[in-house]
Amino acid sequence: MMKIDKKKSLAVVSITYLLALGVAAITVFILGESYSPLLKGAVADIVATVFVYFSSLIFRNSSMYDPYWSVAPPVLAIYWINAYDKWNVPQILMLATITFWAVRLTLNWIKGWQGMSHEDWRYVMLKKKTQKFYQIVNFTGIHLFPTVMVFLGMLPVYYFIKEAVDVNLVTIAGMIISLTGTAFEYFADEQLRQFKKQSTDNSAITHGLWKYSRHPNYFGEILFWLGLWIMAMSANQNLWPLAVGCIAMYLMFEYISIPMMEKRNLENKTNYASYRQHTSRLIPWIPQRER
């Protein structure tokens with residue numbers, strides 16, 4: 001990892017993402033009119049991911065990819081709206097919902113990232129575990145896998161943009177669920193940030209939303225993607241198979257992200273073993289059996 005201060009590090013990331021956007025735009029142009037906006041978006045998304053991956057190699061910090069999760073969705077939505085020339089009320093509501101979430105999550109990352117000298121603890125752990133095979137894991141697991149997951153979550157958005165002609169109660173319900181999920185993430189992250197500033201020991205946060213769920217930020221993220229699918233269903237009830245996106249998100253958090261966090265917290269948080277005995281794993285207020 002390079003030792004560059006936070007402002008310069010953020011400038012490097014910003015330039016990297018602008019260049020990645022340019023590479024994605026060139027990809028769409030090269031593909032031409034022979035392919036659907038969905039396929040062109042997918043290919044451009046992967047090409048941009050590869051660009052960010054090589055940039056992370058240059059600066060020896062895979063956390064350069066982290067904001068991609070929140071930056072890519074509004075870009076894809078804008079591209080699809082332009083492709084179909086559908087700047088109508090339903091499409092604008094969808095874009096507003098995604099943008100609100102994206103800005104919130106990106107700002108949260110900016111607040112937490114210390115610069116090129118800081119890399120997500122999970123990447124450091126994977127590097128130690130995989131050693132000479134790390135770059136395979138780095139590209140497929142840290143970069144490509146999240147890109148695919150987000151694109152699956154965006155499939156309902158594509159078909160909503162393509163097919164929605166009006167706003168109904170289901171549209172509003174889906175939007176409310178997504179915005180509620182975003183709010184859940186915001187309050188959970190802010191409560192955790194304040195707790196870390198004030199905490200004098202190595203204990204886990206047990207108040208606020210964290211009193212009802214050990215992972216309220218993950219719960220909020222799942223709600224966000226669920227809401228997008230519900231919005232798509234308001235345009236066409238035959239789009240129910242696109243629930244694969246929010247289901248995949250749930251499975252990722254339930255079987256990958258949460259187990260990693262649980263293991264780390266049990267090792268590092270003095271009160272975590274007792275805390276998880278009486279606090280729901282994911283869904284607030286609903287006790288769940290431990291694995």
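The expected span of a helix is taken as 1.5 Å times one less than its number of residues, and helices are DSSP runs of H or I with at least four residues, numbered from the N terminus. On this basis α2 (37–58), with 22 residues, reaches 31 Å from its first C-alpha to its last, close to the expected 32 Å. The model is predicted, so that local features need pLDDT of at least 70 and side-chain atom pairs count only at pLDDT 80 or more, whereas totals for chains, interfaces and linings use all residues. Residues are numbered from 1 along each chain as its sequence is written, and side-chain values use heavy atoms, with hydrogens and water left out.

Helix α9 covers residues 244–268. Its 25 residues should span 36 Å at 1.5 Å a residue, and the end C-alpha atoms are 35 Å apart, which agrees. Buried residues (under 20% relative accessible area, with exposed meaning over 50% and partly exposed in between; 1.4 Å probe, protein chains only) of α9 include Cys246, Met249, Phe253, Ile258 and Asn265. The buried residues of α9 pack against α3 (68–84), α5 (121–130), α6 (134–163), α8 (216–235) and α10 (272–275), where contact means heavy atoms within 4.5 Å.

A nonpolar surface patch of about 540 Å² is formed by Phe145, Ile247, Tyr250, Leu251, Tyr255 and Ile256. Patches are made of residues with over 30% relative accessible area and no salt bridge, like charges being joined within 9 Å and nonpolar side chains (Val, Leu, Ile, Met, Phe, Trp, Tyr) within 5 Å. Accessible areas come from the Shrake-Rupley method with a 1.4 Å probe, and for residues only the protein chains shown count as cover. Helix α9 contributes the largest share of the patch, 5 residues. Leu251, which lies in α9, is partly exposed, with a relative accessible area of 40%.

A salt bridge is defined as a side-chain nitrogen of Lys or Arg within 4 Å of a carboxyl oxygen of Asp or Glu, and by this rule the count comes to 10. In one of them, the side chains of Arg104 and Asp189 meet at 2.8 Å, N to O. Arg104 lies in helix α4 and Asp189 in helix α7, so the pair ties together parts that are 85 residues apart in sequence. Arg104 is buried at a relative accessible area of 10%, and Asp189 is buried at 11%. Arg104, Glu185 and Asp189 are linked in a network of salt bridges.

Between Lys263 and Glu267 the corresponding distance is 2.9 Å. Lys263 and Glu267 are 4 residues apart in α9, separated by about one helical turn, and both are exposed.

Positive phi values occur in two loops. Arg60, in the loop between α2 and α3, has phi near 55° and is partly exposed at 48% relative accessibility. Asp85, in the loop between α3 and α4 (89–112), has phi near 50° and is exposed at 62%.
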